Amino acid sequence: MPYLANVLRGFLMGAADVVPGVSGGTVALVLGIYERLIASVQSGAATLGYAVRGRFSDARRRSGDVEWGLMVPLLAGILIAVVSLASLIERLLHDAPQATAAAFFGLVAGSILVAWPLVKRWTSQRMLAALATAIAAFLLLGLRSEAVTDPGPLFFFGAGAIAIVAMILPGISGSFILLMLGMYQAVLGAVNDRELVLLGVFVVGAVLGLASFSTLLNRLLRDHHDLVVACLIGLMAGSLRVLWPWPDGTESVALAAPSDPFIPALAAVAGFLAVVVVGRFSRVAEPEVDETR
């Protein structure tokens, strides 16, 4: 049952990562597995580094720090979600952009409420850090790039390396980073068309980007936990700009007054309540990150 539960957690993370504006890291934070996830990713990156350098005994030793019972089912669930939901999410964003964006707006807003108590002690410094991060994210996510036409493998490699960092940070959507880079349609099309070579290049870039970033993030969470979590909450707050449902969901970052708000408002409330309920009843106790890692 724990393995099936972790597959479900991974499925929810993968479903979130497909949507521009929602991060799988947000789901991990709500479900209470975020710090375990980052610690295992960091240990896995160290294991891979030792193996590449031919230090196989060190690689075997460090691999014992990876929580495989969490990571393997999570990865399976993420893969299932991306493959099975990519076309559905794409269709919903096209056919019902306001309601879809509103539902995820509510989900992220609820995630902020769930994550707030993770900061053990709020101080003026941490409040200012959260506010500054929210403002920076709000401004940054107003940037957009024209879609890249017929991108080659190098573009897929770079997109994977950059987007994976966003995918593990609550509040920053890897999908929206792909939109900013002009690579969202290309990557989604490669998934739907099963272009395995380009997807393989994307995954290699993602693995290398994740290995580079996870060590830093794990250390920051260990040494400055409350400040880092406050900044992550700020990222989620700033990312709400992307999910504002008007005028047309994810097709524009321009903010406008609501038009015909009833259905989107209901969807937002449903998303908010769903994540609060999940956070209340499905959250598991997260062990302290081992400082020797």
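1. **Basis.** This is a predicted model, in which local features need pLDDT of at least 70, side-chain atom pairs count only at pLDDT 80 or more, and totals for chains, interfaces and linings use all residues. Residues are numbered from 1 along each chain as its sequence is written, and side-chain values use heavy atoms, with hydrogens and water left out.

2. **Fold.** The protein has 13 helices and zero strands. Helices (H or I, at least four residues) and strands (E, at least two) are DSSP runs, numbered from the N terminus. The order of elements from the N terminus is α-α-α-α-α-α-α-α-α-α-α-α-α. Of the 293 residues, 49% are buried. Buried means under 20% relative accessible area, exposed over 50%, and partly exposed in between, with a 1.4 Å probe and protein chains only.

3. **Contacts across the sequence.** Take the contacts in the protein with a separation of 6 or more: 81% of them are between residues 24 or more positions apart. Contact means heavy atoms within 4.5 Å.

4. **H6 against H12.** Helix H6 (residues 97-115) packs on helix H12 (residues 225-243) at an angle of about 170°, and their axes are 10 Å apart. H6 is therefore roughly antiparallel to H12. Angles under 35 degrees count as roughly parallel, over 145 as roughly antiparallel, 65 to 115 as roughly perpendicular and the rest as oblique. Axes are lines fitted to C-alpha atoms, for helices over the stretch in contact; angles run from 0 to 180 degrees between N-to-C directions.

5. **Who meets whom.** From H6 come Ala101, Ala102, Phe104, Phe105, Val108, Ala109, Ser111, Ile112 and Ala115; they meet Ile233, Met236, Ala237, Ser239, Leu240 and Leu243 of H12. By class, the contact of H6 with H12 has 13 nonpolar residues, two polar and no charged. Ala, Val, Leu, Ile, Met, Phe, Trp, Tyr, Cys and Pro count as nonpolar, Asp, Glu, Lys and Arg as charged, and the others, Gly among them, as polar.

6. **Largest pocket.** Its volume is about 1,300 Å³. The lining has 40 residues, and Leu75, Ile78, Ile164, Val203 and Ala206 lie nearest the centre. Helices H1 (2-18), H3 (34-52), H5 (68-95), H8, H9 (174-181), H10 (184-192) and H11 (196-223) each supply at least two lining residues. A pocket, on a 1 Å grid over the protein atoms alone, is an open set of points where a 1.4 Å probe fits, with protein on both sides within 12 Å along at least five of seven lines; lining residues have an atom within 4 Å of a point. Grid points are joined across faces, edges and corners, and a volume is the space filled by probe spheres set on the points.

7. **Second largest pocket.** The space here is about 370 Å³. Of the 18 lining residues, Leu12, Ala15, Val27, Phe104 and Leu107 lie nearest the centre. At least two residues each come from H1, helix H2 (24-30), H5, H6 and helix H13 (262-281). The lining counts 16 nonpolar, two polar and no charged residues. Phe104 also belongs to the H6 side of the contact with H12.

8. **Ala166.** This residue sits in helix H8 (residues 153-168). Ala166 counts as buried because its relative accessibility is 4%. Gly24 is 142 residues away along the chain, yet the two C-alpha atoms are separated by 8.9 Å.

9. **Trp116.** Trp116 is in the loop between H6 and helix H7 (124-140). Its relative accessibility is 34%, so Trp116 counts as partly exposed. Trp116 touches Trp122, Met127 and Ile233, leaving aside neighbours within four places in sequence. Ala230 is 114 residues from Trp116 in sequence and 7.9 Å from it, C-alpha to C-alpha.

10. **Ala99.** Ala99 is in helix H6. At 22% relative accessibility, Ala99 counts as partly exposed. Leaving aside neighbours within four places, Ala99 is in contact with Ile263, Pro264 and Ala267.

11. **Val229.** Beyond neighbours within four places in sequence, Val229 is in contact with Leu118, Val119 and Leu221. Val229 and Ala130 are 99 residues apart in sequence and 8.6 Å apart in space, C-alpha to C-alpha.
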